Amino acid sequence: MAEVVKMPKMSDTMTEGVIAKWHKKVGDKVNSGDLLAEVETDKATMDFESYQDGTLLYIGPKEGEAVPVDAVIAVLGEEGEDFQALLSGGDAAPAKEEEKTEAKAEEAAAPASSDSTVTAEDLGVTVITMPLLSDTMKEGVIAQWNFKVGDTIKSDDAIADVETDKATMEVTAYADGTLLYVGLEAGEAAKVNDIIAIVGPEGTDVTPLLNQPAAAPKAEAKSEEKAPEASTTSAPAVTTTTSSSDDSRVKASPLARKIAKEKGINLNDVKGSADGGRIVKKDVESFVPAAKTSAAPAQEAKAETKTISLPTFVGEEKYTESNVSQMRKTIARRLGESLFTAPHFYLTVSIDMDNAIAARTQINEVAPVKVSFNDMVIKAVAVALKQHPAVNSSWQGDKIRFNQHTNIGVAMAVEDGLLVPVVRFADGKTLSHISAEVKDFAGKAKSKKLTPADWEGSTFTVSNLGMFGIDEFTSIINSPDGAILSVGAIQQIPVVKNGAVVPGNVMKLTLGCDHRVVDGATGAQFLQTLKGLLEAPIRLLA
């Protein structure tokens with residue numbers, strides 16, 4: 001009996017999947033455990049195996065199409081079996097009509113271009129695209145290739161390291177064969193789902209597969225045929241000016257040539273830094289013609305000395321530029337969305353840290369790891385959130401989610417920007433446990449070893465700049481959290497106690513709130529509870 005195959009839910013946040021590739025076609029025999037398709041989720045591209053035996057009677061979505069979770073994507077059954085009743089809403093009949101019209105269109109287009117119908121399956125190759133390695137990734141940069149064209153690779157080989165907005169991760173080949181094509185060089189970026197490599201039998205010509213999207217109209221071809229006639233009259237004048245500046249034989253990457261052409265730079269004047277003197281992108285971007293800039297300052301200096309009697313100082317304006325990293329792009333996009341989407345307001349409270357300082361000294365005498373003030377803040381925040389669930393919430397559009405668990409994101413500065421690993425269920429962990437976990441995250445963040453599981457799922461975020469001597473500051477909410485706490489430095493200042501002015505240790509905390517879910521009074525009550533916990537830290541150990 002025929003059975004439907006539905007889009008599976010392959011991650012906890014997945015709402016739809018994209019069919020990256022079908023490994024079977026209608027009419028093929030399928031056994032349980034056979035690889036049916038590759039599905040691109042919100043986290044990565046994953047293999048989808050069949051759980052049934054039978055003949056593939058129907059395929060719904062085409063390669064590259066998105067399908068909601070639990071939607072029908074295929075039907076398996078006995079050869080020739082009627083499966084129409086299994087398709088909801090009578091989709092089968094229209095599908096046949098669409099197939100007929102598509103077949104006619106393909107037949108009409110076939111004489112014009114034979115390459116237009118070439119697929120990876122026709123050539124027996126596997127196309128490797130830039131995978132979606134994190135929920136916020138838009139594009140990836142090839143940090144390095146582990147193989148070169150012509151190398152033999154296995155399906156579980158990591159063919160490249162890709163720099164995402166969060167970390168540097170490996171891309172697996174998912175196919176055995178020879179590396180036939182590499183789409184970009186190390187250091188270059190590709191958008192998610194762009195082709196980055198092709199694997200298949202040695203000697204396979206993949207040119208038709210790469211060229212098929214570009215279908216040149218006949219009108220353009222005719223205009224190109226006429227072009228030589230028009231250009232012959234101006235040929236003598238052109239050759240005299242271009243012969244000395246022809247850089248077509250210079251060894252350079254395609255991207256470097258493109259940038260040089262846009263900037264009007266002759267590649268003969270550029271020195272290459274890659275192997276064999278090959279010119280790459282950075283060589284063109286950093287190239288500055290020296291001859292044109294040397295005489296100008298001297299001439300300007302002479303003109304200024306003639307008109308101004310005061311001594312003049314001639315300086316040189318300099319600057320450097322660097323490409324925006326994937327992490328910085330994501331920080332800019334997400335924080336921009338948060339600031340201009342969530343209506344922020346801020347509340348600040350001063351904490352008497354005398355008791356916390358004394359308690360930390362006693363704790364570190366017996367603790368297996370050194371506990372910091374930030375660890376105490378994380379623990380106190382988690383305990384306070386249990387008493388004020390409205391602050392531990394997030395805006396979901398048509399509803400508000402009140403989280404019953406306390407996953408505290410800890411903002412950490414790294415070389416390229418900011419990462420926020422998550423201490424999960426922090427209210428139930430000891431100060432030593434929290435301290436060890438935060439230290440481990442810090443080491444992973446600096447070496448770019450954090451995984452998606454480390455930075456996803458926060459319900460509240462703590463950002464601490466006290467170690468830099470910052471007294472007080474405000475933070476942008478880490479979406480989708482409903483609030484964020486900014487922690488300043490502990491300052492020694494005069495305070496009034498029992499009617500007398502005495503030395504005191506004060507730390508300022510600023511709570512940034514999303515006014516859609518947290519009201520002023522709610523945020524103030526949370527800060528009062530947090531203040532009480534930090535000023536009497538013995539309550540954190542109870």
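Helices (H or I, at least four residues) and strands (E, at least two) are taken as DSSP runs and numbered from the N terminus. On this basis, Glu163 is placed in strand β12, which covers residues 158–163. The model is predicted, and local features therefore require pLDDT of at least 70, side-chain atom pairs count only at pLDDT 80 or more, and totals for chains, interfaces and linings use all residues. Residues are numbered from 1 along each chain as its sequence is written, and side-chain values use heavy atoms, with hydrogens and water left out.

The protein contains 14 helices and 26 strands. Of its 542 residues, 38% are buried, where buried denotes under 20% relative accessible area, exposed over 50%, and partly exposed the range in between (1.4 Å probe, protein chains only). Among contacts (heavy atoms within 4.5 Å) with a separation of 6 or more, 61% involve residues 24 or more positions apart.

Strand pairing was assigned where DSSP finds at least two bridges between two strands. An open sheet is formed by 4 strands in the order β9-β16-β14-β11, with antiparallel pairing. Its edge strands, β9 (126–129) and β11 (152–153), each pair on one side only. Within this sheet, β14 (residues 177–182) and β16 (residues 195–200) are joined in the antiparallel sense over 4 bridges, and Tyr181 stands opposite Ile198 of β16.

Strand β10 (residues 139–145) is mostly covered, with 5 of its 7 residues buried. This strand pairs in the antiparallel sense with β15 (residues 189–191) over 3 bridges, and Gly140 stands opposite Ala190 in β15. A further antiparallel pairing, over 4 bridges, connects β10 with β12; here Val141 has Glu163 of β12 as its bridge partner. Glu163 is buried but takes part in no salt bridge, and the nearest side chain of opposite charge, that of Lys448, lies 4.3 Å away. For this assignment Lys and Arg count as positive and Asp and Glu as negative, whereas His and the chain ends are not counted. A salt bridge requires a side-chain nitrogen of Lys or Arg within 4 Å of a carboxyl oxygen of Asp or Glu. When neighbours within four places in sequence are left aside, the contacts of Glu163 comprise Gly140, Val141, Ala143, Thr168, Ser325, Gln326 and Lys448.

The whole structure holds 12 salt bridges. One of them links Lys497 to Asp352, with the closest N and O atoms 3.1 Å apart. Because Lys497 lies in strand β25 (residues 483–497) and Asp352 in strand β17 (residues 344–352), the pair ties together parts that are 145 residues apart in sequence. Both residues are partly exposed, Lys497 with a relative accessible area of 30% and Asp352 with 26%. Asp352, Asp354 and Lys497 are linked in a network of salt bridges. Another salt bridge joins Asp151 and Lys148, whose closest N and O atoms are 3.6 Å apart; Asp151 is partly exposed at 21% relative accessible area, whereas Lys148 is exposed at 56%. In the salt bridge between Asp28 and Lys25, the closest N and O atoms are 3.7 Å apart.

On the surface, Trp395, Ile400 and Phe402 make up a nonpolar patch with about 280 Å² of accessible area together. Patches consist of residues with over 30% relative accessible area and no salt bridge; like charges are joined within 9 Å, and nonpolar side chains (Val, Leu, Ile, Met, Phe, Trp, Tyr) within 5 Å. Trp395 belongs to strand β18 (residues 393–395) and counts as partly exposed, at 33% relative accessibility.

Particular backbone geometries were found in loops. The peptide bond from Ser479 to Pro480 is cis, with omega near 10°, and Pro480 falls in the loop between β24 (460–464) and β25. Phe425, a residue other than glycine, has a positive phi near 50° and occupies the loop between β23 (422–423) and α12 (431–446). Asn498 likewise is not a glycine, yet its phi is positive at about 55°. This asparagine, Asn498, lies in the loop between β25 and β26 (500–514) and counts as exposed, at 85% relative accessibility.

Conventions. Areas by Shrake-Rupley, 256 points an atom, 1.4 Å probe, with all protein chains shown as cover.
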